[in-house]
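This briefing sets out selected features of the structure shown below.

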Amino acid sequence: MMCKSKKKKDSKHETNFMNSSSAFPDEVLERVLSMVKSRKDRSSVSLVCKEWYNAERWSRKNVFIGNCYSVTPEILTRRFPNIRSVTLKGKPRFSDFNLVPANWGADIHPWLVVFAEKYPFLEELKLKRMFVTDESLEFLAFSFPNFKALSLLSCDGFSTDGLAAVATYCKNLTELDIQENGIDDKNGNWLSCFPESFTSLEVLNFANLNNDVNFDALEKLVGRCKSLKTLKVNKSITLEQLQRLLVRAPQLCELGTGSFSQELTCQQHSELKRAFNNCKSLHTLSGLWVASTQYLEVLYPACTNLTFLNFSYAPLDSEDLSKLLVHCPNLRRLWVVDTVEDKGLEAVGTYCPLLEELRVFPADPFDEGVAHGVTESGFIAVSEGCRKLHYVLYFCRQMTNAAVATVVQNCPDFTHFRLCIMTPGQPDYLTDEPMDEAFGAVVKNCTKLQRLAVSGSLTDLTFEYIGRHAKNLETLSVAFAGSSDWGMQCVLYGCPKLRKLEIRDSPFGNAALFSGLGKYESMRSLWMSDCKVTMNGCRFVAQERPRLNVEVINEEGGDDSRAERVYIYRSVAGPRRDAPPFVLTL
Amino acid sequence: METLEQTQSSSSSSSSIDSNKYSNCCRNRTDLSTDLKLGLSISPSSPSQLPFNSTTPREETFAWPPVNKSVLRRNIIVEKQNHIHHQRSLFVKVYMEGIPIGRKLNLLEHHNYDGLVQALCHMFKTIILSPNSQPLNSWNFHVLTYEDQEGDWMMVGDVPWEMFLSSVKRLKITRANSC
């Protein structure tokens, strides 16, 4: 150790053991730091000193980019030379609801071109809300010989031809996860493109696609991929075919079934039940689609170890759900359609005491008055039985302040609270008052709250509460709410950890916008659409904060002074060079 | 503001649109017209309680509630299911132009337009141009049309399959050159 001699020379300096000629070689430092997995920790590590910054950048293997326009691929590859896994998110979240016009951007291709040169050993790519073409997928398949895992969520621009290229040329593929994309589903032939010699698949999810795949090819693929852990098939797969797949892959941990509604003989029925019985490792179940009651019981033997049940595509009624949940005591996460109604949610409260996450989706969001759905009583029932609940997404047509207050008293550990009362601006249906107290109760009781989505009739008081109490809040979604600029100001001044703020159809204008000037650079992004912000207001922000990109999307023929859709985000990449004509960068 | 995340879904374009290049524009417009078609209209209990009164009610409810396209597709399935009480059949009448006696076909036995067209070609022993193909020399070929809930006759294949199922009343196979 060289420390001793150094100390004699520089006895006045107390921190000399930290200098560059210390006996802690870079290689060792890199090795140690490679064990640091968390992104936040790695960020902290890189800020300690130059040596640690370098050791961290050389040892980093995965990178997460929450906004693809916040950095360029050149800057990324310059800092991190050894990346094996990239996660990229593109369009603003409101693009899911058609609030972002098509051809907005977030094209993966320029990234792939740079990666092909700088990261030839790239193994994993996870994309969300990116634009991906078939050409890009082909390019990917040819450029990265070690490529292993591809995950596409809410992306668009590609067709099944692109998938065929991936299946054909990615010899080491372990994961192909295609979820909820705007995909041009031409046919099911892509699945037959996996070569006969190909055996490495561990995750296959094509539940998103409609067309029939060649079942023979699928069966053989499943049979020869002994490490297959996740298999989510599409609607075209029948119960009989499912049974044959399960027989070949009893080691599955996650299963997405096909349509659950074929006519089965007694023998087929018992064979199916036996097949499920043999799947001892199953912890996640999804699919079902058109589920016939009489076949749900074949699932029962597999239910004991289930921790995640995704029935968001299976419109079950309360009775079917109850009968099933009796067998699922270990459930941690449950996604259902509101056809299960309050009675179904009562069953959840009764049979699933370990539940941590509940999502209730609307069967019929646009047709008011016809569907029943769930109400405040179902919400209360779940909170009474499931005290460990920390994530909720709840679509309903009526709610009361008192009910929400009860729920958060029962379950104070919420980290994600997303309540969507489906009629905009709807008050407490019993008292006719705004829903301010409901969300006030949420932020007062749930000190760990990270994500909040509000709805119903809300005044500035809601935002005062949020600003005063929600000190851990990172993401806030607002629609048809607030009375004045003051509301938004409360949030901007009061929530130190705020990273993402998305607002639509609320009366916040330039004054509110300006009050966040000191904050936007510490956030990922701000979205405001159909508010009261003007072009001049946006120009002012752009002027004052050159390190922010201030983008306005204006429909043609609109008022030139109003800024209809504003997207503000921090970036080291400078203004976009690929912006389409309807995106104005100020 | 809620969304449907990480769920399975059916694709957003199992039907027509130009086969050359996946057209984002078309899809976006289709979804907008779908939203409007579904009669999105605001009906708050008391308009004055709406904190922010927009002068254009249509735009107010545009893209609301925050459920995305895949959910829309699922809803149609659910609607259909509720409507037919978990039955596994949806029989519709099918006529071919020039033949007075019609047939009946169970639409739920098929998962997409290709399956349907194939079955009909078989049933009627004719060539029915699939929704995606370009009619070339079409004087002796047929195309498939349907009557929707509003009584209009429409070309089969323009809307997603599940939406078609919920709006179709009956089918007609007509000569390609009469469309």
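Helices (H or I, at least four residues) and strands (E, at least two) are DSSP runs, numbered from the N terminus. The model is predicted: local features need pLDDT of at least 70, side-chain atom pairs count only at pLDDT 80 or more, and totals for chains, interfaces and linings use all residues, while side-chain values use heavy atoms, with hydrogens and water left out. Residues are numbered from 1 along each chain as its sequence is written, and chains are lettered from A and ligands numbered from 1 in the order in which they are written.

**Backbone features**

- A:Asn98 is placed in the loop between strand E2 (85-89) and helix H6 (109-118) of chain A, and its phi is near 65°, a positive value in a residue other than glycine.
- A:Asn98 is buried at a relative accessible area of 11%; buried means under 20% relative accessible area, exposed over 50% and partly exposed in between (1.4 Å probe, protein chains only).
- A:Arg129, a residue other than glycine, also has a positive phi, near 55°.
- The loop between strand E3 (124-128) and helix H7 (134-143) of chain A holds A:Arg129, which is buried with a relative accessible area of 7%.
- In chain B, the peptide bond from B:Trp64 to B:Pro65 is cis, with omega near 0°.
- B:Pro65 belongs to the loop between helix H2 (57-60) and helix H3 (69-83) of chain B.

**Aromatic pairs and charges over rings**

- Rings of Phe, Tyr and Trp (its six-membered ring) pair if their centres lie within 6.5 Å; planes under 30 degrees apart count as stacked, over 60 as edge-to-face and the rest as tilted.
- By this rule there are 25 aromatic pairs over all chains.
- One of these pairs is the tilted one of A:Phe144 and A:Phe147, at 6.5 Å centre to centre with 40° between the planes.
- A:Phe144 is buried, its relative accessible area being 2%, and A:Phe147 is buried at 1%.
- A:Phe463 and A:Phe508 form an edge-to-face pair, with 5.7 Å from centre to centre and 85° between the planes.
- This second pair links distant parts of the chain, 45 residues apart: A:Phe463 is in helix H18 (residues 460-469) of chain A, and A:Phe508 is in the loop between strand E19 (500-504) and helix H20 (510-514) of chain A.
- A:Phe463 is buried at a relative accessible area of 1%, and A:Phe508 counts as buried at 1% relative accessibility.
- A cluster linked by ring pairs comprises A:Tyr69, A:Phe94, A:Phe97, A:Trp104, A:Trp527, A:Tyr567 and A:Tyr569.
- A charge sits over a ring if NZ of Lys or CZ of Arg is within 6 Å of the ring centre and within 35 degrees of the ring normal.
- A:Arg39 has its charged end over the ring of A:Phe64, 3.8 Å from the centre of that ring.
- The ring of A:Phe308 has the charged end of A:Arg333 over it, 4.0 Å from its centre.

- The buried residues in H18(A) are A:Asp460, A:Thr462, A:Phe463, A:Tyr465, A:Ile466 and A:Gly467.
- Their cover includes helix H17 (436-445), strand E17 (451-453), strand E18 (475-479) and helix H19 (485-494) of chain A, where contact means heavy atoms within 4.5 Å.
- Helix H15 (residues 376-385) of chain A contains A:Gly378, which is buried with a relative accessible area of 0%.
- Leaving aside residues up to four places away in sequence, A:Gly378 touches A:Asp342, A:Leu345 and A:Tyr394.
- A:Gly378 and A:Ala403 are 25 residues apart in sequence, with 9.8 Å between them in space, C-alpha to C-alpha.

**Contacts between helices H9 and H10**

- In H9(A), A:Phe215, A:Leu218, A:Glu219, A:Val222 and A:Gly223 meet A:Gln241, A:Arg244, A:Leu245 and A:Arg248 in H10(A).

**Chain B overall**

- Chain B has 5 helices and 5 strands, whose order from the N terminus on is α-α-α-β-β-α-β-β-α-β.
- Of its 179 residues, 50% count as buried.
- Of the contacts in chain B with a separation of 6 or more, 54% are between residues 24 or more positions apart.
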